[in-house]
Amino acid sequence: MQEIFKKTGSVLVWILLFLGITISLSIFKASDLEPGLSLETLTPYQGKRFDSENKVSIVYFWATWCGVCSTNLPLVKWYADSLSNSPRFRFVSVEEGENPEELKRYVQERNLDFDVLVADVPLLREWKVGGYPSFFVLDRKGKIRFADSGMMNPISFFFRIWITAFFF
């Protein structure tokens, strides 16, 4: 029994170490991001214009052709749905905007019901979106606190959102 506790403790230490490192890297990546172009200028494909409304905002950059984005989609839908009526949080997705017809087909086929804004190249450069999917967590004042790209880890993503809500 004692050996089980030892192994469990060891596993927990490694998980916490992993979360600490990934969260620290995400903070570091966000530290030099101060985009001059606002999401409020983007045209919504579906939903309403972006307005953080003094909320912690989760911004999800994606592309219709991105395989990882499609893999993340169930989790993204869950987050979007969970945060849709929240008084503290706002979720918005930003599609890379390369092919409007493909976006229309993708939204219909996958039954996306969250806000989708259409990006342009200057905005993607300004936000330093180098790959898809990319996630940004903004504090209530619109400052980017966390920046990540690639496959989403639901537990560390959850921590990023709550760290921003409680400490920034």
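How many residues apart are Arg105 and Glu109 in helix H3? They lie 4 residues apart, about one turn of the helix.

This is a predicted model, in which local features need pLDDT of at least 70, side-chain atom pairs count only at pLDDT 80 or more, and totals for chains, interfaces and linings use all residues. Residues are numbered from 1 along each chain as its sequence is written, and side-chain values use heavy atoms, with hydrogens and water left out.

**View 1. Arg105 and Glu109 pair within helix H3.** Helix H3 spans residues 100-109; helices (H or I, at least four residues) and strands (E, at least two) are DSSP runs, numbered from the N terminus. The two side chains form a salt bridge at 2.5 Å, N to O. A salt bridge here is a side-chain nitrogen of Lys or Arg within 4 Å of a carboxyl oxygen of Asp or Glu. Arg105 is partly exposed at 33% relative accessibility, and Glu109 is exposed at 52%. Buried means under 20% relative accessible area, exposed over 50%, partly exposed in between (1.4 Å probe, protein chains only). Glu102, Arg105, Glu109 and Arg110 are linked in a salt-bridge network.

**View 2. Asp148 of strand E6 meets Arg160 of helix H5.** Their closest N and O atoms are 2.6 Å apart, in a salt bridge. The pair ties together parts that are 12 residues apart in sequence, because Asp148 lies in strand E6 and Arg160 in helix H5. Arg160 is buried, at 4% relative accessible area.

View 3. Asp139 and Arg145 form a salt bridge, with closest N and O atoms 2.9 Å apart. Asp139 is buried too, at 4%.

**View 4. Helix H5 has several buried residues.** The helix covers residues 154-167 and reaches 20 Å from first C-alpha to last. That is close to the 20 Å expected, taken as 1.5 Å times one less than its number of residues. Phe157 and Ile161 are among its buried residues. Their cover includes helix H1 and strand E3.

View 5. The contact takes 9 residues from domain 1 and 13 residues from domain 2. Between the two domains there are 0 salt bridges.

How values were computed. Contact means heavy atoms within 4.5 Å.
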